[in-house]
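Have a go at each task before reading the solution under it.

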Amino acid sequence: MSSVGDIAAEVVSSKVRVKILKLLVERESLNISAIVRLTRLNHRVVKENLDYLVELGVVHEVCLGRIRAYRLNYANPIARAIRDFFTS
């Protein structure tokens, strides 16, 4: 079992994930199309990284009809640390 520190290090080890997380801190909630447009990254790459962040519990996926929005899960200590890092 990995420690919280190991998981946090893994989360921020990717430039793609850091870009996505920074956007979610700034905008609070975004759909995948907005994330792709704002980061100028490939849709598949963004989706894979969002799926990973959801699996870790750092990001929530919220379904609003057919639209899926993503936001940080502040119940997760890693998400809170990421928010604090980008807002300090």
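**Exercise 1. Find which residues of α2 meet which residues of α4.**

Start on the α2 side: V16, R17, I20 and L21 make the contact. Across from them, in α4, sit V45, V46, N49, L50, Y52 and L53. Contact here means heavy atoms within 4.5 Å. Sort these residues by class and you get eight nonpolar, one polar and one charged. (Ala, Val, Leu, Ile, Met, Phe, Trp, Tyr, Cys and Pro count as nonpolar, Asp, Glu, Lys and Arg as charged, and the others, Gly among them, as polar.)

Before going on, a word on the source: this is a predicted model, where local features need pLDDT of at least 70 and side-chain atom pairs count only at pLDDT 80 or more, while totals for chains, interfaces and linings use all residues. Residues are numbered from 1 along each chain as its sequence is written, and side-chain values use heavy atoms, with hydrogens and water left out.

**Exercise 2. Work out how α2 is oriented against α4 and against α5.**

Take α4 to begin with: its axis and that of α2 are 10 Å apart, at an angle of about 75°. That makes the two helices roughly perpendicular (65 to 115 degrees). Now turn to α5 (residues 77–87), which packs on α2 (residues 15–27) at about 80°, with the axes 10 Å apart. So α2 and α5 are roughly perpendicular too. The axes are lines fitted to C-alpha atoms, for helices over the stretch in contact, and angles run from 0 to 180 degrees between N-to-C directions. Helices are DSSP runs of H or I with at least four residues, strands are E runs of at least two, and both are numbered from the N terminus.

**Exercise 3. List the residues where α2 and α5 meet.**

From α2 come V18, L21, K22 and V25, and from α5 come I82, R83, F86 and T87. By class, that contact has five nonpolar, one polar and two charged residues.

**Exercise 4. Which aromatic rings pair up, and how?**

A search of the whole structure turns up one aromatic pair. The partners are F85 and F86, with ring centres 5.3 Å apart and planes at 70°, so the pair is edge-to-face. (Rings of Phe, Tyr and Trp, its six-membered ring, pair if their centres lie within 6.5 Å; planes under 30 degrees apart are stacked, over 60 edge-to-face and the rest tilted.) Next, check accessibility: F85 is exposed at 61% relative accessible area, while F86 is partly exposed at 26%. Buried means under 20%, exposed over 50% and partly exposed in between, with a 1.4 Å probe and protein chains only.

**Exercise 5. Where does R83 lie relative to Y74?**

R83 lies over the face of the Y74 ring, 4.7 Å from its centre. The test asks for NZ of Lys or CZ of Arg within 6 Å of the ring centre and within 35 degrees of the ring normal.

Technical notes: Parallel < 35°, antiparallel > 145°, perpendicular 65-115°, else oblique.
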